[in-house]
Amino acid sequence: MVARCGNADVGGGFRLWPIFSAASLRRKILEVLTCGGGGGGSCRSRSQFRSPQPRPRPRSDRLAELLRAEPSECGDEEAQADAAVKKAEALEELKVVVSALQAGDGDNADGGDMGRVEAATVVRRKARDDAGAREMLAMLGAIPPLVAMLDESGGGGEEMVAAALYALLNLGIGNDTNKAAIVQAGAVHKMLRIAEGASGDLTEALVANFLCLSALDANKPIIGASGAAPFLVGAFEAAPTEQARHDALRALLNLSIAAGNAPHLLAAGLAPSLVAAVGDTPAEADRALAALCNLVAACPEARRAVGRAPDAVPVLVDVLNWSDEPGCQEKAAYVLMVLAHRSYADRAAMAEAGATSALLELTLVGTALAQKRASRILEILRADKGKQVADASGIVATMSAPLERGGGTHQEDPDAGMSNEKRAVRQLVQQSLQSNMRRIVRRARLPQDLAPPSSEKLKALTASSTSKSLPF
(Lines give C-alpha, C1' and ligand atoms only; values in the text may rest on other atoms or scores of the structure.)
Protein backbone atom coordinates (compact mmCIF):
# COMPACT_ATOMS: atom_id res chain seq x y z
CA MET A 1 0.00 0.00 0.00
CA VAL A 2 2.84 2.29 0.76
CA ALA A 3 4.37 1.61 -2.66
CA ARG A 4 1.03 2.20 -4.40
CA CYS A 5 0.59 5.53 -2.72
CA GLY A 6 4.13 6.43 -3.67
CA ASN A 7 3.46 5.60 -7.38
CA ALA A 8 0.36 7.70 -7.43
CA ASP A 9 2.35 10.57 -6.15
CA VAL A 10 4.94 10.11 -8.88
CA GLY A 11 2.33 9.83 -11.59
CA GLY A 12 0.90 13.22 -10.81
CA GLY A 13 -2.12 12.06 -8.73
CA PHE A 14 -2.99 13.29 -5.26
CA ARG A 15 -0.76 12.21 -2.48
CA LEU A 16 -2.30 10.27 0.44
CA TRP A 17 0.82 10.01 2.63
CA PRO A 18 2.71 13.05 3.75
CA ILE A 19 6.42 13.12 3.67
CA PHE A 20 7.43 11.53 6.99
CA SER A 21 10.63 11.63 8.88
CA ALA A 22 12.14 8.43 10.20
CA ALA A 23 10.63 9.00 13.68
CA SER A 24 7.17 9.66 12.23
CA LEU A 25 7.39 6.56 10.07
CA ARG A 26 8.25 4.45 13.11
CA ARG A 27 5.23 5.81 14.96
CA LYS A 28 2.95 4.96 12.03
CA ILE A 29 4.29 1.41 11.88
CA LEU A 30 3.69 1.01 15.62
CA GLU A 31 0.11 2.22 15.22
CA VAL A 32 -0.50 -0.29 12.46
CA LEU A 33 0.93 -3.08 14.56
CA THR A 34 -1.16 -1.99 17.54
CA CYS A 35 -4.40 -2.11 15.51
CA GLY A 36 -3.71 -5.74 14.55
CA GLY A 37 -3.97 -7.55 11.30
CA GLY A 38 -7.68 -8.45 11.45
CA GLY A 39 -8.97 -4.95 11.78
CA GLY A 40 -9.10 -4.28 8.04
CA GLY A 41 -8.20 -0.98 6.52
CA SER A 42 -10.30 1.19 8.77
CA CYS A 43 -7.61 1.51 11.35
CA ARG A 44 -4.98 2.07 8.68
CA SER A 45 -7.07 4.63 6.84
CA ARG A 46 -7.65 6.59 10.03
CA SER A 47 -3.93 6.57 10.71
CA GLN A 48 -3.23 7.77 7.17
CA PHE A 49 -5.29 10.98 7.37
CA ARG A 50 -4.51 11.86 10.96
CA SER A 51 -1.73 14.35 11.69
CA PRO A 52 1.13 13.03 13.81
CA GLN A 53 0.33 13.44 17.57
CA PRO A 54 1.85 12.10 20.78
CA ARG A 55 0.52 8.78 21.85
CA PRO A 56 -2.32 9.28 24.40
CA ARG A 57 -2.16 7.72 27.84
CA PRO A 58 -4.00 4.42 28.10
CA ARG A 59 -7.48 4.81 29.51
CA SER A 60 -6.81 2.20 32.15
CA ASP A 61 -4.13 4.36 33.84
CA ARG A 62 -6.39 7.42 34.00
CA LEU A 63 -9.27 5.34 35.28
CA ALA A 64 -7.14 3.86 38.02
CA GLU A 65 -6.07 7.34 39.01
CA LEU A 66 -9.68 8.51 39.21
CA LEU A 67 -10.66 5.45 41.17
CA ARG A 68 -7.89 6.10 43.63
CA ALA A 69 -9.01 9.72 44.06
CA GLU A 70 -12.71 9.01 44.44
CA PRO A 71 -12.48 7.12 47.73
CA SER A 72 -10.33 9.87 49.33
CA GLU A 73 -12.71 12.57 48.14
CA CYS A 74 -15.63 10.63 49.42
CA GLY A 75 -13.78 10.09 52.69
CA ASP A 76 -13.09 13.81 53.02
CA GLU A 77 -16.73 14.63 52.47
CA GLU A 78 -17.79 12.08 55.03
CA ALA A 79 -15.19 13.35 57.51
CA GLN A 80 -16.33 16.91 56.97
CA ALA A 81 -19.92 15.87 57.50
CA ASP A 82 -19.02 14.02 60.68
CA ALA A 83 -17.01 17.01 61.92
CA ALA A 84 -19.93 19.33 61.22
CA VAL A 85 -22.29 17.06 63.13
CA LYS A 86 -19.87 16.88 66.06
CA LYS A 87 -19.45 20.65 66.09
CA ALA A 88 -23.20 21.13 66.08
CA GLU A 89 -23.58 18.68 68.95
CA ALA A 90 -20.77 20.39 70.93
CA LEU A 91 -22.37 23.78 70.31
CA GLU A 92 -25.72 22.55 71.57
CA GLU A 93 -24.04 21.13 74.67
CA LEU A 94 -22.27 24.44 75.36
CA LYS A 95 -25.55 26.29 74.91
CA VAL A 96 -27.16 24.05 77.50
CA VAL A 97 -24.28 24.70 79.93
CA VAL A 98 -24.43 28.47 79.47
CA SER A 99 -28.21 28.41 79.86
CA ALA A 100 -27.76 26.59 83.17
CA LEU A 101 -25.32 29.29 84.30
CA GLN A 102 -27.65 32.09 83.25
CA ALA A 103 -30.75 30.47 84.77
CA GLY A 104 -29.90 31.59 88.29
CA ASP A 105 -31.65 30.10 91.24
CA GLY A 106 -34.91 29.26 89.54
CA ASP A 107 -37.75 27.89 91.60
CA ASN A 108 -35.54 25.96 94.01
CA ALA A 109 -32.59 27.86 95.41
CA ASP A 110 -30.62 24.78 96.37
CA GLY A 111 -31.22 23.07 93.08
CA GLY A 112 -30.37 26.25 91.17
CA ASP A 113 -27.06 26.69 92.94
CA MET A 114 -26.09 23.08 92.55
CA GLY A 115 -27.07 23.29 88.88
CA ARG A 116 -24.73 26.22 88.40
CA VAL A 117 -21.95 24.44 90.24
CA GLU A 118 -22.29 21.52 87.89
CA ALA A 119 -22.41 23.83 84.88
CA ALA A 120 -19.28 25.69 86.09
CA THR A 121 -17.52 22.34 86.48
CA VAL A 122 -18.43 21.48 82.88
CA VAL A 123 -17.09 24.85 81.72
CA ARG A 124 -13.85 24.19 83.58
CA ARG A 125 -13.50 20.78 81.93
CA LYS A 126 -14.41 21.96 78.42
CA ALA A 127 -12.12 25.00 78.51
CA ARG A 128 -9.12 23.21 79.98
CA ASP A 129 -7.51 22.06 76.73
CA ASP A 130 -9.83 23.35 73.99
CA ALA A 131 -9.12 26.86 72.76
CA GLY A 132 -12.19 26.78 70.54
CA ALA A 133 -14.42 25.91 73.50
CA ARG A 134 -13.00 28.89 75.44
CA GLU A 135 -13.85 31.26 72.64
CA MET A 136 -17.29 29.76 72.04
CA LEU A 137 -18.25 29.77 75.73
CA ALA A 138 -17.29 33.43 76.02
CA MET A 139 -19.30 34.29 72.90
CA LEU A 140 -22.32 32.46 74.33
CA GLY A 141 -22.11 34.60 77.49
CA ALA A 142 -20.57 32.31 80.09
CA ILE A 143 -18.32 34.92 81.75
CA PRO A 144 -20.88 37.28 83.37
CA PRO A 145 -22.80 34.55 85.26
CA LEU A 146 -19.54 32.97 86.42
CA VAL A 147 -18.36 36.34 87.78
CA ALA A 148 -21.73 36.80 89.45
CA MET A 149 -21.26 33.49 91.25
CA LEU A 150 -18.23 34.91 93.10
CA ASP A 151 -20.26 37.06 95.44
CA GLU A 152 -23.44 35.01 95.79
CA SER A 153 -23.85 32.77 98.81
CA GLY A 154 -26.21 29.89 98.26
CA GLY A 155 -26.53 26.24 98.96
CA GLY A 156 -23.18 25.55 97.28
CA GLY A 157 -21.20 27.98 99.46
CA GLU A 158 -17.44 27.64 99.03
CA GLU A 159 -17.91 24.89 96.49
CA MET A 160 -19.76 27.27 94.17
CA VAL A 161 -17.09 29.97 94.50
CA ALA A 162 -14.28 27.48 93.84
CA ALA A 163 -16.09 26.09 90.79
CA ALA A 164 -16.55 29.60 89.38
CA LEU A 165 -12.91 30.55 90.05
CA TYR A 166 -11.48 27.53 88.27
CA ALA A 167 -13.92 27.93 85.37
CA LEU A 168 -12.84 31.56 84.92
CA LEU A 169 -9.20 30.51 85.20
CA ASN A 170 -9.49 28.04 82.33
CA LEU A 171 -11.48 30.48 80.22
CA GLY A 172 -8.72 33.09 80.53
CA ILE A 173 -5.76 30.83 79.78
CA GLY A 174 -4.35 31.65 76.34
CA ASN A 175 -7.18 34.05 75.45
CA ASP A 176 -6.55 37.77 75.93
CA THR A 177 -10.09 38.69 74.95
CA ASN A 178 -11.46 36.56 77.77
CA LYS A 179 -8.94 38.02 80.23
CA ALA A 180 -10.14 41.52 79.44
CA ALA A 181 -13.80 40.46 79.62
CA ILE A 182 -13.32 38.85 83.05
CA VAL A 183 -11.77 42.04 84.46
CA GLN A 184 -14.40 44.25 82.84
CA ALA A 185 -17.10 42.11 84.43
CA GLY A 186 -15.79 43.13 87.88
CA ALA A 187 -14.04 39.92 88.88
CA VAL A 188 -11.01 41.61 90.52
CA HIS A 189 -12.84 43.36 93.34
CA LYS A 190 -15.02 40.33 93.98
CA MET A 191 -11.96 38.10 94.23
CA LEU A 192 -10.40 40.50 96.75
CA ARG A 193 -13.53 40.33 98.90
CA ILE A 194 -13.28 36.54 98.82
CA ALA A 195 -9.58 36.74 99.78
CA GLU A 196 -10.37 38.41 103.11
CA GLY A 197 -11.53 35.14 104.64
CA ALA A 198 -10.40 32.58 102.08
CA SER A 199 -9.22 29.11 102.99
CA GLY A 200 -6.07 27.50 101.60
CA ASP A 201 -7.78 26.04 98.53
CA LEU A 202 -9.53 29.28 97.67
CA THR A 203 -6.29 31.23 98.17
CA GLU A 204 -4.54 29.03 95.64
CA ALA A 205 -7.40 29.50 93.14
CA LEU A 206 -7.40 33.28 93.68
CA VAL A 207 -3.64 33.57 93.20
CA ALA A 208 -3.84 31.50 90.01
CA ASN A 209 -6.57 33.81 88.66
CA PHE A 210 -4.53 36.93 89.45
CA LEU A 211 -1.55 35.36 87.68
CA CYS A 212 -3.65 34.63 84.60
CA LEU A 213 -5.32 38.04 84.47
CA SER A 214 -2.12 40.02 85.15
CA ALA A 215 -0.48 38.55 82.05
CA LEU A 216 -2.50 41.00 79.93
CA ASP A 217 -0.87 44.45 79.78
CA ALA A 218 -4.21 46.25 79.87
CA ASN A 219 -5.10 44.50 83.13
CA LYS A 220 -1.86 45.30 84.99
CA PRO A 221 -2.78 48.88 86.05
CA ILE A 222 -6.31 47.82 87.01
CA ILE A 223 -5.12 44.98 89.22
CA GLY A 224 -2.34 47.09 90.73
CA ALA A 225 -4.70 49.91 91.68
CA SER A 226 -7.36 47.55 93.01
CA GLY A 227 -5.43 46.68 96.17
CA ALA A 228 -4.36 43.20 95.09
CA ALA A 229 -0.68 43.82 95.91
CA PRO A 230 -0.97 43.23 99.69
CA PHE A 231 -2.84 39.98 99.11
CA LEU A 232 -0.27 38.73 96.60
CA VAL A 233 2.68 39.76 98.79
CA GLY A 234 1.09 37.98 101.75
CA ALA A 235 0.49 34.89 99.64
CA PHE A 236 4.11 34.99 98.49
CA GLU A 237 5.45 35.23 102.02
CA ALA A 238 3.10 32.69 103.63
CA ALA A 239 1.46 30.70 100.86
CA PRO A 240 -0.38 27.51 101.85
CA THR A 241 1.36 25.57 99.06
CA GLU A 242 4.53 25.89 96.99
CA GLN A 243 2.44 26.26 93.84
CA ALA A 244 0.61 29.23 95.34
CA ARG A 245 3.95 30.81 96.32
CA HIS A 246 5.36 30.44 92.81
CA ASP A 247 2.14 31.77 91.24
CA ALA A 248 2.13 34.76 93.60
CA LEU A 249 5.73 35.65 92.67
CA ARG A 250 4.95 35.38 88.97
CA ALA A 251 1.86 37.56 89.40
CA LEU A 252 3.92 40.17 91.27
CA LEU A 253 6.51 40.05 88.48
CA ASN A 254 3.75 40.72 85.95
CA LEU A 255 2.49 43.68 87.96
CA SER A 256 6.00 45.12 88.36
CA ILE A 257 6.30 45.47 84.59
CA ALA A 258 3.88 48.41 84.74
CA ALA A 259 5.85 51.30 86.25
CA GLY A 260 2.68 52.80 87.71
CA ASN A 261 2.31 49.80 90.02
CA ALA A 262 5.63 50.44 91.80
CA PRO A 263 4.14 52.60 94.60
CA HIS A 264 1.45 50.00 95.31
CA LEU A 265 3.99 47.18 95.40
CA LEU A 266 6.38 49.11 97.64
CA ALA A 267 3.59 50.03 100.03
CA ALA A 268 2.77 46.34 100.30
CA GLY A 269 6.36 45.61 101.40
CA LEU A 270 7.48 43.78 98.28
CA ALA A 271 11.15 44.94 98.21
CA PRO A 272 12.33 43.09 101.36
CA SER A 273 10.42 39.97 100.31
CA LEU A 274 12.13 39.96 96.92
CA VAL A 275 15.58 40.42 98.45
CA ALA A 276 14.94 37.52 100.81
CA ALA A 277 13.83 35.35 97.87
CA VAL A 278 17.07 35.89 95.94
CA GLY A 279 18.77 33.13 97.91
CA ASP A 280 16.12 30.51 97.10
CA THR A 281 15.94 28.17 94.10
CA PRO A 282 17.43 29.43 90.81
CA ALA A 283 14.02 29.83 89.15
CA GLU A 284 12.62 31.79 92.10
CA ALA A 285 15.79 33.87 92.40
CA ASP A 286 15.63 34.75 88.71
CA ARG A 287 12.03 35.99 88.98
CA ALA A 288 12.77 37.90 92.18
CA LEU A 289 15.77 39.62 90.55
CA ALA A 290 13.67 40.44 87.48
CA ALA A 291 11.05 42.09 89.70
CA LEU A 292 13.81 44.03 91.50
CA CYS A 293 15.11 45.25 88.14
CA ASN A 294 11.63 46.51 87.25
CA LEU A 295 11.26 48.25 90.59
CA VAL A 296 14.60 50.10 90.65
CA ALA A 297 14.02 51.26 87.09
CA ALA A 298 10.50 52.52 87.85
CA CYS A 299 11.11 55.43 90.23
CA PRO A 300 13.63 56.82 92.77
CA GLU A 301 11.42 55.76 95.69
CA ALA A 302 11.66 52.15 94.56
CA ARG A 303 15.44 52.40 94.29
CA ARG A 304 15.70 53.76 97.80
CA ALA A 305 13.34 51.08 99.12
CA VAL A 306 15.46 48.33 97.59
CA GLY A 307 18.64 49.87 98.99
CA ARG A 308 17.11 50.04 102.47
CA ALA A 309 16.02 46.39 102.43
CA PRO A 310 17.96 44.31 104.98
CA ASP A 311 21.22 42.95 103.52
CA ALA A 312 20.19 43.99 100.02
CA VAL A 313 23.70 44.86 98.78
CA PRO A 314 25.49 41.83 100.32
CA VAL A 315 22.84 39.49 98.93
CA LEU A 316 23.23 40.93 95.44
CA VAL A 317 27.02 40.75 95.66
CA ASP A 318 26.75 37.10 96.68
CA VAL A 319 24.81 36.47 93.47
CA LEU A 320 27.81 37.76 91.53
CA ASN A 321 30.16 35.53 93.51
CA TRP A 322 28.35 32.22 93.66
CA SER A 323 25.48 32.09 91.18
CA ASP A 324 25.95 29.80 88.18
CA GLU A 325 23.04 31.35 86.26
CA PRO A 326 24.18 34.05 83.78
CA GLY A 327 20.72 35.61 83.83
CA CYS A 328 20.84 36.02 87.60
CA GLN A 329 24.29 37.64 87.41
CA GLU A 330 23.12 40.07 84.73
CA LYS A 331 20.06 41.11 86.74
CA ALA A 332 22.00 41.44 90.00
CA ALA A 333 24.61 43.57 88.23
CA TYR A 334 21.85 45.80 86.86
CA VAL A 335 20.33 46.40 90.30
CA LEU A 336 23.78 47.15 91.76
CA MET A 337 24.55 49.49 88.88
CA VAL A 338 21.38 51.52 89.50
CA LEU A 339 22.03 51.62 93.24
CA ALA A 340 25.67 52.67 92.79
CA HIS A 341 24.77 55.38 90.31
CA ARG A 342 22.59 57.32 92.74
CA SER A 343 23.52 56.49 96.33
CA TYR A 344 26.81 57.00 98.16
CA ALA A 345 25.56 54.80 101.01
CA ASP A 346 24.96 51.95 98.58
CA ARG A 347 28.43 52.40 97.09
CA ALA A 348 29.94 52.23 100.57
CA ALA A 349 27.92 49.09 101.26
CA MET A 350 29.28 47.54 98.05
CA ALA A 351 32.85 48.28 99.08
CA GLU A 352 32.16 46.80 102.51
CA ALA A 353 30.66 43.65 100.94
CA GLY A 354 33.71 43.11 98.70
CA ALA A 355 31.96 43.89 95.46
CA THR A 356 35.15 44.96 93.70
CA SER A 357 36.64 41.49 93.42
CA ALA A 358 33.35 40.00 92.29
CA LEU A 359 32.96 42.71 89.67
CA LEU A 360 36.52 42.24 88.45
CA GLU A 361 35.90 38.55 88.01
CA LEU A 362 32.63 39.25 86.23
CA THR A 363 34.39 41.52 83.72
CA LEU A 364 36.55 38.54 82.76
CA VAL A 365 34.24 35.52 82.77
CA GLY A 366 30.71 36.97 82.65
CA THR A 367 28.43 37.37 79.67
CA ALA A 368 28.80 40.42 77.44
CA LEU A 369 25.95 42.20 79.20
CA ALA A 370 27.25 41.29 82.66
CA GLN A 371 30.75 42.50 81.72
CA LYS A 372 29.38 45.81 80.53
CA ARG A 373 27.40 46.38 83.71
CA ALA A 374 30.26 45.27 85.97
CA SER A 375 32.66 47.63 84.20
CA ARG A 376 30.23 50.48 84.68
CA ILE A 377 29.96 49.80 88.41
CA LEU A 378 33.75 49.67 88.75
CA GLU A 379 34.03 53.03 87.01
CA ILE A 380 31.53 54.52 89.44
CA LEU A 381 33.36 53.08 92.45
CA ARG A 382 36.74 54.22 91.17
CA ALA A 383 35.50 57.74 90.49
CA ASP A 384 33.92 57.88 93.93
CA LYS A 385 37.12 56.67 95.59
CA GLY A 386 39.22 59.16 93.66
CA LYS A 387 36.91 61.98 94.71
CA GLN A 388 37.27 60.97 98.35
CA VAL A 389 41.06 61.03 98.10
CA ALA A 390 41.02 64.39 96.33
CA ASP A 391 38.74 65.90 98.98
CA ALA A 392 40.99 64.59 101.79
CA SER A 393 44.30 65.45 100.16
CA GLY A 394 45.54 67.36 103.20
CA ILE A 395 45.05 64.38 105.46
CA VAL A 396 46.72 62.05 103.01
CA ALA A 397 49.73 64.33 102.73
CA THR A 398 50.09 64.41 106.48
CA MET A 399 49.97 60.66 106.73
CA SER A 400 52.40 60.26 103.84
CA ALA A 401 55.08 62.48 105.35
CA PRO A 402 58.39 60.80 106.36
CA LEU A 403 58.40 59.58 109.91
CA GLU A 404 61.40 60.20 112.16
CA ARG A 405 61.35 59.33 115.80
CA GLY A 406 64.20 59.91 118.21
CA GLY A 407 66.91 59.99 115.58
CA GLY A 408 65.76 56.69 114.11
CA THR A 409 66.17 55.62 110.54
CA HIS A 410 64.17 57.43 107.89
CA GLN A 411 61.04 55.49 106.74
CA GLU A 412 59.56 56.28 103.35
CA ASP A 413 55.91 55.82 102.56
CA PRO A 414 55.49 53.39 99.63
CA ASP A 415 52.64 55.59 98.35
CA ALA A 416 54.84 58.66 98.13
CA GLY A 417 54.89 60.13 94.64
CA MET A 418 51.72 58.36 93.55
CA SER A 419 48.89 60.25 91.97
CA ASN A 420 45.60 60.41 93.78
CA GLU A 421 43.91 58.07 91.25
CA LYS A 422 46.62 55.41 91.57
CA ARG A 423 46.49 55.65 95.33
CA ALA A 424 42.69 55.18 95.24
CA VAL A 425 42.99 52.16 92.96
CA ARG A 426 45.65 50.71 95.24
CA GLN A 427 43.35 51.06 98.22
CA LEU A 428 40.53 49.40 96.32
CA VAL A 429 42.75 46.43 95.49
CA GLN A 430 43.87 46.09 99.11
CA GLN A 431 40.29 46.23 100.36
CA SER A 432 39.27 43.63 97.81
CA LEU A 433 42.06 41.26 98.80
CA GLN A 434 41.28 41.64 102.48
CA SER A 435 37.59 41.05 101.89
CA ASN A 436 38.32 37.94 99.83
CA MET A 437 40.63 36.58 102.53
CA ARG A 438 38.01 37.09 105.23
CA ARG A 439 35.38 35.41 103.07
CA ILE A 440 37.65 32.41 102.41
CA VAL A 441 38.35 32.08 106.12
CA ARG A 442 34.65 32.19 106.94
CA ARG A 443 33.75 29.63 104.33
CA ALA A 444 36.61 27.31 105.33
CA ARG A 445 35.59 27.68 109.00
CA LEU A 446 39.19 27.99 110.13
CA PRO A 447 39.96 28.65 113.80
CA GLN A 448 40.42 32.32 114.56
CA ASP A 449 44.05 31.83 115.54
CA LEU A 450 44.74 30.56 112.02
CA ALA A 451 43.05 33.51 110.38
CA PRO A 452 45.61 35.92 108.92
CA PRO A 453 45.72 39.47 110.26
CA SER A 454 43.66 41.93 108.31
CA SER A 455 46.44 44.41 107.66
CA GLU A 456 50.05 43.48 108.37
CA LYS A 457 50.43 40.26 106.37
CA LEU A 458 48.14 41.41 103.58
CA LYS A 459 50.14 44.61 103.28
CA ALA A 460 53.12 42.54 102.27
CA LEU A 461 51.02 40.69 99.69
CA THR A 462 49.67 43.89 98.19
CA ALA A 463 52.86 45.95 98.33
CA SER A 464 53.59 45.30 94.66
CA SER A 465 50.03 45.74 93.43
CA THR A 466 49.44 48.65 91.08
CA SER A 467 46.65 49.83 88.87
CA LYS A 468 48.15 47.97 85.94
CA SER A 469 46.37 44.81 87.08
CA LEU A 470 42.92 46.37 86.73
CA PRO A 471 41.14 45.74 83.40
CA PHE A 472 40.04 49.31 82.80
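Begin by selecting helix 21 (residues 344-352), in which Asp346, Arg347 and Met350 are buried; buried means under 20% relative accessible area, exposed over 50% and partly exposed in between, with a 1.4 Å probe and protein chains only. Helices are DSSP runs of H or I with at least four residues, numbered from the N terminus.

This is a predicted model, in which local features need pLDDT of at least 70 and side-chain atom pairs count only at pLDDT 80 or more, while totals for chains, interfaces and linings use all residues. Residues are numbered from 1 along each chain as its sequence is written, and side-chain values use heavy atoms, without hydrogens and water.

Just after the helix, Gly354 has a positive phi of about 75 degrees.

Now select the largest nonpolar core, which has 104 residues; such a core is a set of buried Ala, Val, Leu, Ile, Met, Phe, Trp, Tyr and Cys residues joined through side-chain atoms within 4.5 Å. Helix 20 (residues 326-342) supplies the largest share of this core, nine residues. Leu146, Leu150 and Phe210 have the most contacts inside the core. Finally, centre on Leu146: leaving aside neighbours within four places in sequence, its contacts (heavy atoms within 4.5 Å) include Leu101, Ala120 and Leu171.

Methods
Helix = DSSP H or I, 4+ residues; strand = E, 2+ residues; numbered from the N terminus.
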